[in-house]
Amino acid sequence: MSQVVDIERYDLDIKRNSSSHHTEQCGKERLIVRRGQPFNITLHLKPGSKEFKPGEESFTLIVETGPLPRKESDTKAAFGLSDSTADNEWSASASYDPSGNSVSVSISSSPNAPIGLYSLTLDQDGQKTSSGQFTLLFNPWCTRDAVYMRSETKRQEYVLAQYGIIYKGAAKRIKGKPWNFGQFEPGILDICLKILDDNPKCISDADKDCCARRNPIYVTRVLSAMINSNNDRGVLVGEWQDFTGGVHPGKWIGSGDILHQWAESGPVHFGQCWVFAALACTVSRALGIPCRVVTNFGSAHDSDANLIIEHLYDEDGERMSNGDSIWNFHVWVDSWMTRPDLGTDFDGWQTSDPTPQETSDGVFCCGPSSLKAIREGELTKKYDAPFIFAEVNADVVDLVRLSSGKFVQFSGSTKSVGRYISTKAVGSDDRHDITHQYKYLEGSKEERQVYEKAQHHNKLLQRGEEPGLHLKIKLADNMIVGSDFEVHAILTNNCVDARICTFLFFAKAVGYNGKLGDSCGFTSDKVEVPSGEERRMSLRLEYERYGSAITSDRLIQVSAITIDKQITNYHKAEKTIVLDEPEIHIKLLGEATVRQNVTASLTLLNPLPEPLQDCSFTVEGVGLTEGKPLTARIEAVGPKQEAKASFEFSPTSAGPCVLLVNFDSDKLKNILSSINVVVKESASTEANTV
């Protein structure tokens, strides 16, 4: 029996461990480490204690996590001292420092251990001494971890970056919006662990759930369900129409405020896809799973799972409702991990989607599904591959229902779904197009096999030799919200004889999810188009009419349809207008220095021909505003007048930071901008350093 080590106190050496485990941004108050990598603690012995000899004297370390720690569930492990730590299981080694009368213990966790909050206990022949707590995260720096990512620059972007860009708009009008993920802000990690603890699977079987937290596939699927509140008391309530009693989704500029609100009072009102995705990214990065936010332009919602989006029309050209739709854009996340359940061919990026669209195994969640499975059409590979494949690669068919009840196809597209799939580039604010990761490039051998039946038609179309009527829409150059402008529909007759058609041209407000709103413009005519000629129809869109119809997405869908009932011939063209928004001009008055007040001046010109009410500016920045949004409310702003505000804040950390700004009002919402801020050390800090 070895002699009991007489311990006076223990030191978790948080500063050094945090630095080596890339968790220093989490703060200095607690020990946060990544699995599969050693960390050190120091045991300070009482004065006069016998010298500790690692080869002769020993003790057992016990680590436990979850409400019901069990060895069988890998939520409890007991291990003694060895000559060195192992890299595939819980292990420890020790060395004695006689000058400090202390024992340095190196502890290495299993690279397959469940993540979460652990207690650490020292057991000396039944005499147990608590040695504190630590939080264990996934480890993209560990080659044996399922989330290992080889590139350091990618780890910096997809794990450690607290600022990002989320893309919105339409395929031909892509706009990047800044977002504060803030995964290392105070309190956020505890909230992320609470999300796991509050999930229904944990509530029904905590032992099984905590054991499963070793697996990033499982954790990602739980997050996909818990970020929305549809089947549980998840984080965010989705809403696309009535925002009474909550915050409009366009006002959020960071994840921190939403997560804190949820932790304090339950589901937060309201969110839409980019907010759901941003929260999933924040939580994933906080837990150590590499994650990126992805936007798919022309994103299909295939409600009947036939991989075809069917647009139905009556004989007068009016859209008939059905479950299928195409969103102007949709936002989800990709997470990086291995897929031992599918095979090594499907390792890498995995798509999951926390926006509640369709149920999966009875719950509103989606994924994770391997991008390689989506790209190869391996739709039997779990989870939810058919739905995600349709989002990026469904065919579109336009059908008209005749008075006889028969449906006739008059148009369609194999290219309008899944365009310009975008994410923020690694190490820069550029947009990175990742469409090729989701599907084969146009013109490749694999793509030609898919489109073989339409090959001849496409070649004729590219050379302009396709006979028949051709319809296209031309938009104006400057379409800023508040202005009046014209759009044009152009009908060209490439037939050998003249055509007489009913020409319809109309505009409707539309949400980013493809849901049509009120009409904001319509014109029609009966036209004769001689062979080889064209006819133009103009539609003037006036703010007086579209201003009250559009949503905060500032989108208008314009559609032109020609109808030749004599030969049952229909043609359609459609475009989505993304109205330009006013710019927020941000000016920093003076240099930004740690713990010294600095002022940011904000200006926005009201472009509308009417006043703005309930105006406010909100700013937020990691390292600048202490993780909290600051809001300034201002008086009404008249037509073509400037809204002005200034904020005083005191930066908390030196280095490059980003100040995010949001302007909100009754008629203009979701106006976002940002400015890069380089914070300098204060003179007193530099002096102390010297």
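Biologist: Which strand holds Y420?
Modeller: Happy to start there, with the reminder that this is a predicted model. Y420 has a positive phi of about 50° although it is not a glycine. That deserves a second look because most residues other than glycine have a negative phi. As for its place in the fold, Y420 lies in strand β22.

Biologist: And is Y420 buried, partly exposed or exposed?
Modeller: Buried would need a relative accessible area under 20%, and exposed one over 50%. Y420 has a relative accessible area of 28%, so it counts as partly exposed.

Biologist: Which helix has buried residues that pack against β22?
Modeller: The helix in question spans residues 152-160, and its buried residues are R155, E157, Y158, V159 and L160. These buried residues pack against several elements, including β2 (31-34), α8 (273-287), β14 (291-301) and β18 (348-352). The list also takes in β22 (419-424), and the helix is α2.

Biologist: Which residue is joined to P368 by a cis peptide bond?
Modeller: Look in the loop between β18 and β19 (369-370), where P368 has its place. The omega of the bond is about 5°, and the partner of P368 is G367.

Biologist: Which residues does the "binding site" annotation cover, and where does D395 sit?
Modeller: The annotation comes from an unreviewed UniProt entry and covers N393, D395, E442 and E447. With a relative accessible area of 28%, D395 is partly exposed. On the fold, D395 is found in residues 395-401, which form strand β20.

Biologist: Why does S109 count as buried?
Modeller: S109 lies in the loop between β7 (102-108) and β8 (116-124). Leaving out residues up to four places away in sequence, S109 touches R34, R35, G36, Q37, E89, W90 and L136. The cut-off for buried is under 20% relative accessible area. S109 counts as buried because its relative accessibility is 0%.

Biologist: How far is the backbone nitrogen of G36 from a polar atom of the S109 side chain?
Modeller: G36 is among the residues that S109 touches. The pair to look at is the backbone nitrogen of G36 and a polar atom of the S109 side chain, and the distance is 2.8 Å.

Biologist: How much space lies in the largest cavity?
Modeller: The structure holds 6 cavities of 30 Å³ or more. The largest one is lined by 13 residues, and K168, G169, K177, D553 and V578 lie nearest its centre. The space in the largest cavity is about 140 Å³.

Biologist: How many charged residues are in the lining of the second largest cavity?
Modeller: That cavity has about 100 Å³ of space, and its lining includes Y313, R319, F506, K508 and E574. At least two lining residues come from each of β26 (499-510) and β29 (555-564). By class there are 3 nonpolar and 3 polar residues, and the number of charged ones is 4.

Key: Residues are numbered from 1 along each chain as its sequence is written. This is a predicted model: local features need pLDDT of at least 70, side-chain atom pairs count only at pLDDT 80 or more; totals for chains, interfaces and linings use all residues. Side-chain values use heavy atoms; hydrogens and water are left out. UniProt positions are given in the numbering used here, feature names are shortened, and annotations may be inferred rather than shown by experiment. Helices (H or I, at least four residues) and strands (E, at least two) are DSSP runs, numbered from the N terminus. Buried means under 20% relative accessible area, exposed over 50%, partly exposed in between (1.4 Å probe, protein chains only). Contact means heavy atoms within 4.5 Å. On a 1 Å grid over the protein atoms alone, a cavity is a set of points where a 1.4 Å probe fits but cannot get out, and a pocket is an open set with protein on both sides within 12 Å along at least five of seven lines; lining residues have an atom within 4 Å of a point. Grid points are joined across faces, edges and corners, and a volume is the space filled by probe spheres set on the points. Ala, Val, Leu, Ile, Met, Phe, Trp, Tyr, Cys and Pro count as nonpolar, Asp, Glu, Lys and Arg as charged, and the others, Gly among them, as polar. A polar contact is a pair of N or O atoms within 3.5 Å; within protein, one must be able to donate a hydrogen and the other to accept it, and residues adjacent in sequence count only if both atoms are side-chain atoms.
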